[in-house]
Structures are given as C-alpha cells and as structure tokens.
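In this notebook I record what I looked up in one structure. The sequence and the model are shown first, and my entries follow.

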Amino acid sequence: MSARYRIAEAAALLGVSDDTVRRWIDSGRLPASREGGGPAHVDGADLAALATALHEAPEPGTTRGSSARNRLAGIVTRVVRDTVMAQVEIQAGPFRLVSLMSREAADELGLEIGVRAVATVKATQVSVDVP
C-alpha cells in the first residue's frame, strides 16, 4: 500500500505552500482523492512523480558533466569568512545546507547573501530515516 499525504504534508515535502498544492490539485497537475467527503489526500507515488518533475536542472557550468546527481537550487542566506575558510549556508526549498570551502573559492564565486546558488551533494553513504 502506497503512502498517502494530506495537503499540508505534501506542501512541506515539496517546499511550497498549501495553496500551491491545492492549485495543482484543482488544475489536475497533482491527482488527489477524498474518501467519504473528508480532506484531500495525495498518493505518495503521485507526489514523488511531481517532485521529480519539479527538479530544475542547474545552469550549465564549465564542466561537461558530473557524477553527482543531488543538486539543490537555492539562495545563499549566510556567508561567514575568515582569512582562510568560508562557511556558506544555502536555503533550498525546505532544506538548509551548509558548505565549508576556501575563502578564495567563495570570493571567486561571488557568494553573498541573496545570490542564487546550486548545492551539489556527493556522498559515499547517505542515511535515510522514516518519521
């Protein structure tokens, strides 16, 4: 049996507002069902398909390709620089990512609060928890 999500849960998972999810349901972009006149529920497989379709590919960079597949587009919300290193925080939908890099790299990329950025994550081990 597939998981089912209420509108608020679906919105939180996609990083959009409840109203956006309702509009997608009303327009037919996201299928939903109501049982016994109760609140609308979205099937987990349908939600996953929409989440995949919403994935925006990053702007082409200077490389031809990358083995990293986890790219999260967002906005820089904080930059802390010292003489050697920089800590950069990006808000990508509901996700807050923190990257440590050389100050030189942060300066060359022009990373400042409000700049659009894409965090690329490549890990040898990723833990998954189910709430």
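**Entries on helix α3**

The model is predicted, so local features need pLDDT of at least 70 and side-chain atom pairs count only at pLDDT 80 or more, while totals for chains, interfaces and linings use all residues. Residues are numbered from 1 along each chain as its sequence is written, and side-chain values use heavy atoms, without hydrogens and water.

Which residues of helix α3 are buried? I found Gly 44, Leu 47 and Leu 50 in this helix of residues 44-54 (buried means under 20% relative accessible area). They lie on the same side of α3 because they cover an arc of only 125° around the axis, taken from the directions from the helix axis to the C-beta atoms. An α-helix has 3.6 residues a turn, so residues three or four places apart point the same way.

I then looked up the partners of these buried residues: they pack against β1 (4-6), α1 (7-14), α2 (18-27) and β2 (41-43), where contact means heavy atoms within 4.5 Å. At the start of α3, a side-chain oxygen of Asp 43 comes to within 3.0 Å of the backbone nitrogen of Ala 45.

**Entries on the whole chain**

I noted four helices and six strands in the protein chain (DSSP runs: helices H or I, at least four residues; strands E, at least two). From the N terminus, their order is β-α-α-β-α-β-β-β-α-β. Of the 131 residues in the protein chain, 24% are buried.

How values were computed
Buried means under 20% relative accessible area, exposed over 50%, partly exposed in between (1.4 Å probe, protein chains only). A polar contact is a pair of N or O atoms within 3.5 Å; within protein, one must be able to donate a hydrogen and the other to accept it, and residues adjacent in sequence count only if both atoms are side-chain atoms.
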